[in-house]
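Open the model in your viewer and keep the sequence panel beside it. The tour below goes from one selection to the next.

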Amino acid sequence: MSASPRPDWATVPNLITLLRFVLLAPVCLLLVDGPDTLAVVLLLVWASTDWVDGMLARALDQSSRVGAIIDPIADRIGLAAIVLSLALAGLLPWAALALIVVLDVAMVVFATGAALGGRISVSWLGKIRTFVLMSAVFLLVAAAAWWPDLVPAAQALIWLGVVLHTVSGIDYILRARRAPAAGPAVEAPPSPR
């Protein structure tokens, strides 16, 4: 008797992505209260789940369509909630929050169909943007918790991340609008999830 194939959603990487959703509430609450060592550690764990789920998807050969959909959703929701928390804590300018959220909403509105249809994928610019923005957020939280004199430098790095977020978001929307009505993406390698 052969074992039935596992459902597309039943993967270890998808479990890690769900953990990212669960960790978001305590991370945000700690950030609003004012970053401390626990906030820095939980933020690092939260951010690392994005790398871990992708690595496990490749290593365990557990890439899934569900993972390809929920991973970027977890990224967008998580980043928006974290930058909102930092703005509420007075560490992030509200203008940076507005740019990040407005662009994320625009990407959802104008590019979701093409992304779900597999007609566009994440670009290298988008991956660099994510790395810079998440690193800047982590450095801002660490600076606020341990080295307050470095907060302005971390805020400057946040602005670099916001600029990259804007450029890559506009690129993503333009690629989505130019994508054919059907067919796979050809402009960038597929997402590992």
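A polar contact here is a pair of N or O atoms within 3.5 Å; within protein, one must be able to donate a hydrogen and the other to accept it, and residues adjacent in sequence count only if both atoms are side-chain atoms. This is a predicted model, in which local features need pLDDT of at least 70 and side-chain atom pairs count only at pLDDT 80 or more, while totals for chains, interfaces and linings use all residues. Residues are numbered from 1 along each chain as its sequence is written, and side-chain values use heavy atoms, with hydrogens and water left out.

Select S123 and G126. The S123 side chain comes to 3.1 Å from the backbone nitrogen of G126. S123 sits in the loop between α4 (94-116) and α5 (124-146); helices are DSSP runs of H or I, at least four residues, numbered from the N terminus. S123 counts as buried because its relative accessibility is 12% (buried means under 20% relative accessible area, exposed over 50%, partly exposed in between, with a 1.4 Å probe and protein chains only).

Next, go to A98, in helix α4. A98 has 38% relative accessibility, so A98 is partly exposed.

Finish at D61, in the loop between α2 (37-59) and α3 (65-88). D61 is exposed, at 65% relative accessible area. What is the phi of D61? The phi is positive, about 55°, although D61 is not a glycine. Most residues other than glycine have a negative phi.

Technical notes:
Helix = DSSP H or I, 4+ residues; strand = E, 2+ residues; numbered from the N terminus.
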